[in-house]
Amino acid sequence: MKKLAILGSTGSIGVSTLDIVAAHPDKFQVVALTGGSNLELLKKQIEEFAPQLVAVMNEELAQKLAQMLPGKGPEIVHGVAGMIAAATAADADMVVAAIVGAAGLVPTAAAIKAGKDIALANKETLVTAGRLIMDMVKIHGVRLYPVDSEHSAVFQSLEGHRKDDVKRIILTASGGPFFSYPAEKMAEVSVSDALNHPNWSMGQKITIDSATMMNKGLEVIEARWLFDIPVERISVTIHPQSIIHSMVEYVDGCVMAQMGIPDMKAPIAYALTYPGRVPTGVKPLDLTALSGLTFFNPDFNRFPALKLAYRALNDGESMPTVMNAANEVAVGAFLNGEITFTAIADSIEKTMGFHQPHNLNSIEEVLSVDRWGRKKCRELLGINNP
Ligand code: NAD
Ligand code: MG
């Protein structure tokens, strides 16, 4: 019986994780949940999974939730301290890090320090503080399992092989909804066009990241730290069908790929049950039903965000932190209808232009650079909201 703390249980990854838990009650028990503001869903999850501890964003939400739960419910905590309490819950064997954005960093870091194994969906944690997090993973002797489908594919394609024999990691990308849009149409795309992902159903932020291809940029940085591989040996290929989830090329010319129907339940389950596997309800892959698998080089001109991510890694340790912070602000502004789609990458690039990269020595320093990046990007965009 594996005891889980699920951070971000009301999100897309959180809900899929709980689907797996519900299908395997003999294997998993939920000890802690955290949610943002969707109290109705959180209430349902509490009733179904009976966690001991639940964290929400603030005190007001905590009081509301307590009123919604008659009788003896779980202990309810709130704010960053509450997220940390859930991430370090004494009973938990594994923490599923599925909060979106850099908000996931502090709870995930706390879980690592508390000796918890991590199933990591929250890629921004590695983008913003990759080296520090991987150092902490080593120091505290925990395992960090990727949930991101590409990284799960790489992880699976590395199993049983020698790291020294790896030539290249090839991350696949669907290309998103604007894969074949001409450059001049990109400035005009609407929020609903950008939220209409062809293959995956996900939270809003990552869906916009997929449309700009910043998501693939974040994943390049995630792979750099997760697999300790220089960025020059990580490449991206567009694969619109999302059947091959990523690949590892070896020095002898052999390429290992992991395939399947695009459904996050598969990589989530593998992170939870590694090295074992369990049925997930993911539809079987019928190769004969596919019309073909195609691959293209990414177009860095139409998708400048991907180029920015490579640049940020080369610029120095604090630059990905700034890039990630600016991206979160810009994506929020786009979703609010305040800026155009192409202004997302533009404003990130401008924000990066104001930053002198340096090494990062602590999580506190990461948070301070993150705050600076958000403030600068907001200032450049002339907006006030977070
Ligand atoms: P989502 O928006 O659906 O859910 C996010 C969760 O985090 C929710 O429970 C929300 O309440 C909570 N949350 C948001 N802001 C918070 C804050 N400031 N403090 C505490 N909790 C907060 O997002 P998602 O699509 O499930 O993605 C979660 C993470 O997983 C992201 O980092 C994303 O990049 C990564 N990921 C998602 C997918 C996917 O298919 N959805 C795939 C790969 C990786
Ligand atoms: Mg991914």
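Me: Which residues does Leu306 touch, not counting residues up to four places away in sequence?
Reply: Bear in mind that this is a predicted model. Leu306 is part of helix 12. Leaving out residues up to four places away in sequence, Leu306 touches Met213, Lys216, Gly217, Val236, Pro298 and Phe300.

Me: Is Leu306 buried or exposed?
Reply: Under 20% relative accessible area is what buried means here. Leu306 has a relative accessible area of 1%, so it comes out as buried.

Me: How many Å apart in space are Leu306 and Gly217, C-alpha to C-alpha?
Reply: Gly217 is on the list of residues that Leu306 touches. Along the sequence the two are 89 residues apart. In space, going C-alpha to C-alpha, the separation of Leu306 and Gly217 is 4.6 Å.

Me: Why is helix 9 described as largely enclosed by the rest of the structure?
Reply: Helix 9 covers residues 204-212. Its buried residues are Lys205, Thr207, Ile208, Asp209, Ser210, Ala211 and Thr212. They pack against several helices, including helix 10 (214-226) and helix 13 (318-335). Helix 9 is largely enclosed because the buried residues number seven of the nine.

Me: Which residues coordinate the magnesium ion (ligand 2)?
Reply: In sequence, the donor residues follow the spacing D-x1-E-x68-E. The donors sit at 2.0 to 2.2 Å from the magnesium ion, and the residues supplying them are Asp148 (OD), Glu150 (OE) and Glu219 (OE).

Me: What is the relative accessibility of Asp148, and what is that of Glu150?
Reply: Both are donor residues of the magnesium ion. Buried means under 20% here. Asp148 counts as buried at 7%, and Glu150 counts as buried at 7%.

Me: Which residues are the closest to ligand 1?
Reply: Ligand 1 is surrounded by 23 residues. That shell splits into 11 nonpolar, nine polar and three charged residues. Helix 1 (12-23) and helix 6 (123-140) each supply at least two of the shell residues. The closest residues are Thr10, Ser12, Gly36, Glu124 and Gly203.

Me: Which backbone atoms does the side chain of His239 reach?
Reply: His239 is in the loop between strand 9 and strand 10 (244-250), and at 1% relative accessibility it counts as buried. Its contacts include Thr172, Ser174 and Leu293. At 3.0 Å the His239 side chain reaches the backbone nitrogen of Ile244. Also at 3.0 Å, the side chain of His239 reaches the backbone oxygen of Thr294.

Me: What backbone atom lies 3.3 Å from a polar atom of the side chain of Thr237?
Reply: Thr237 belongs to strand 9, and it is buried, with a relative accessible area of 12%. Leaving aside neighbours within four places in sequence, Thr237 has contacts that include Leu171, Met247 and Phe296. The atom 3.3 Å from a polar atom of the Thr237 side chain is the backbone oxygen of Phe296.

Me: Which two residues does a cis peptide bond join?
Reply: Most peptide bonds are trans. Here is a cis one, with omega about 0°.

How values were computed: Residues numbered from 1 in each chain as written. Chains lettered and ligands numbered in written order. Predicted model: local features only at pLDDT ≥ 70, side-chain atom pairs only at ≥ 80, totals over all residues. Heavy atoms only, no water. Near = heavy atom within 4 Å. Helix = DSSP H or I, 4+ residues; strand = E, 2+ residues; numbered from the N terminus. Nonpolar A, V, L, I, M, F, W, Y, C, P; charged D, E, K, R; others polar. Donors = N, O, S within 2.8 Å, 3.2 Å for Na, K, Ca; no water. Buried < 20%, exposed > 50% of the residue type's maximum accessible area, 1.4 Å probe, protein only. Contact = heavy atoms within 4.5 Å. Polar contact = N/O pair within 3.5 Å; in protein donor to acceptor, adjacent residues only side chain to side chain.
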